[in-house]
Amino acid sequence: MEISMLPSQKQIDFVQDIANFMGIQNPDFTNQRKVSAFINKYKVQYYRLRDERIKEAIKENISIEACAEGLGYQVTRKGRYLSLKENDSVRIDPAKRCFWRNSQPGEGGAIGKGGDVIDFMQEFGNMTAYEAFVYLTDKALYNPMQGPVRDKKRIQERKEALSEKKKIHLPRKADNMRRVYAYLTKSRLIDKEVVQYFVDNQMLYQDVYGNCIFVAYNAAKEPVYGFIRGTNTERRFIGDCEGCDYEYGFYISHNSDKLIIAESVIDGMSIMSVLKRNKKDYQNYDYLCLCSAYKYEALHMHLKSNPKKVIYIATDNDEAGRKSLDIVKQMLENEQIEIKERLPRTEGADWNEILQEAVMQGVSCVFSD
């Protein structure tokens, strides 16, 4: 005679959680086999759906800036974005609830390594994905208005870090420049004299992985900004070096009262090449290379230390570039500075594409005063 054993209360509670969560009917609680079969059938799907729902609750109810403050970071405002005083390469978009690190090179775009609030806790809380998930779960489900508990140990670590002078970390140099020269002069068609000008002034070298490393210096000739550009034309690889001074930015000073704002260093070099093709001295201008479309912090600082009569806005002729143009114009609307728009003439193009077209087709290319 077969005896039907009753399930434990723990099994019954678990079955009810699954059934209520998934909206399905309970099995016969008087039959342990049916209860066990129910659990085996639905538990994997239940855990997956439950974790997905919790993750959505975490992302919806817990802000990245609250987590940053909970870890002892000081959140600062950078235009429409937020940043960290202790790590100025970080950008937080409160509206989209995401972050990225300009100092972490990424593939396929200017925005570097980043993600959502769970990724942030992994990156800055020194947690695994599971630890971050567990750490944030209770806050998301039971107290959505409160961020993570402030971690006194990490707060003290951040304070100590603030007292240390931040230095830029530049990649190790290779013993030659072959890939960099080939990439810039043959693939990008930048004028050889312009490339050599960067090399001679220690603004360009090749790292051990064959990348272009562009370096900007402050008035004391100290490196303050480093930008990485991969030389593999099949796969885009770009990013800022760790420790960049975003208040100074990638600025090239020729002590001029005319400033050209370009979207990237290669665009700046391309404009120099265009000026040279038109028998103009490219050293008659200063250059601010944004190293993406949205790094404007340096503009005000340089205008205070070196006022300008004319600013040429030469960002890409695409949505992001036109948005940059509008933002810069708004920033300067109360300044006594002549603003000249110098977007590439072709829709969607950048200045390097304009230069390449001129070189390959033998057509004129003008960057006018």
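Me: Which residues does Gln206 touch, not counting those up to four places away in sequence?
Reply: In this predicted model, Gln206 touches Arg172, Lys173, Ala174, Asn176, Met177, Arg178, Arg179, Val180 and Asn211, with residues up to four places away in sequence left out.

Me: And where does Gln206 lie?
Reply: Gln206 is part of strand β7.

Me: Buried or exposed, then, for Gln206?
Reply: Gln206 is buried, because its relative accessibility is 5%, and the cut-off for buried is under 20%.

Me: What lies 3.4 Å from a polar atom of its side chain, I mean that of Gln206?
Reply: That is the backbone nitrogen of Arg178. Arg178 is also among the residues that Gln206 touches.

Me: Let me step back. How many helices and strands does the protein chain have?
Reply: The chain has twelve helices and 15 strands.

Me: What share of the residues counts as buried?
Reply: The chain holds 369 residues, and 48% of them count as buried. Its accessible surface is about 19700 Å², with 47% of that belonging to carbon and sulfur atoms.

Me: What part of the contacts with a separation of 6 or more comes from residues 24 or more positions apart?
Reply: Such residues account for 64% of those contacts in the protein chain.

Me: On to the sheet. In what order do the five strands of the open sheet come?
Reply: The order is β1-β2-β3-β4-β6, and the pairing is antiparallel. The edge strands are β1, residues 75-78, and β6, each of which pairs on one side only. Helix α4, residues 117-124, packs on this sheet and touches β2 (81-84), β3, β4 and β6. The direction of α4 makes about 40° with that of β4.

Me: How many bridges are there between β3 and β4?
Reply: There are four bridges between β3, residues 87-93, and β4, residues 98-101, and the two strands pair in the antiparallel sense. One of the bridge partners in β4 is Arg101, which faces Val90. The two strands form a hairpin with four residues between them, and Arg97 in the turn has a positive phi of about 55°.

Me: And how many bridges join β4 to β6?
Reply: Two bridges join β4 to β6, residues 114-115, and these strands run antiparallel. Here Trp100 stands opposite Gly114 in β6.

Me: Switching to helices: which residues of α8 are buried?
Reply: In α8, which covers residues 192-200, the buried residues are Val194, Val195, Tyr197, Phe198 and Val199. Their cover includes α7 (178-187), β7 (204-206), β8 (212-217), β11 (250-252) and α9 (265-277).

Me: What happens at the start of α8, and what follows α8?
Reply: At the start of α8, a side-chain oxygen of Asp191 comes to within 2.8 Å of the backbone nitrogen of Glu193. After α8 comes Gln202, with a positive phi near 60°.

Me: What is found at the start of α12 and just after α12?
Reply: At the start, a side-chain oxygen of Asp350 reaches to within 3.1 Å of the backbone nitrogen of Asn352. Just after the helix, Gly362 has a positive phi of about 65°.

Me: Another residue: where is the place of Tyr287?
Reply: Tyr287 is in strand β13, residues 286-289. With a relative accessible area of 0%, Tyr287 counts as buried.

Me: Which residues does Tyr287 touch, not counting those up to four places away in sequence?
Reply: Tyr287 touches Phe250, Tyr251, Ile252, His254, Leu259, Ile260, Gly268, Met272, Leu275 and Tyr282, with residues up to four places away in sequence left out. Ile252 is 35 residues from Tyr287 in sequence, while their C-alpha atoms are 5.0 Å apart. A polar atom of the Tyr287 side chain lies 2.7 Å from the backbone oxygen of Tyr282.

Me: Last one: in which loop is Asn218 found?
Reply: Asn218 is in the loop between β8 and β9, the latter being residues 223-229.

Me: Why is Asn218 counted as buried?
Reply: Asn218 is buried because its relative accessible area is 17%, and buried means under 20%. A polar atom of its side chain lies 3.0 Å from the backbone nitrogen of Ala220. Asn218 also touches Val224 and Tyr248, not counting residues up to four places away in sequence.

Definitions and conventions: Residues are numbered from 1 along each chain as its sequence is written. This is a predicted model: local features need pLDDT of at least 70, side-chain atom pairs count only at pLDDT 80 or more; totals for chains, interfaces and linings use all residues. Side-chain values use heavy atoms; hydrogens and water are left out. Buried means under 20% relative accessible area, exposed over 50%, partly exposed in between (1.4 Å probe, protein chains only). Contact means heavy atoms within 4.5 Å. Accessible areas come from the Shrake-Rupley method with a 1.4 Å probe; for residues, only the protein chains shown count as cover. A polar contact is a pair of N or O atoms within 3.5 Å; within protein, one must be able to donate a hydrogen and the other to accept it, and residues adjacent in sequence count only if both atoms are side-chain atoms. Two strands pair if DSSP finds at least two bridges between them. Axes are lines fitted to C-alpha atoms, for helices over the stretch in contact, and angles run from 0 to 180 degrees between N-to-C directions.
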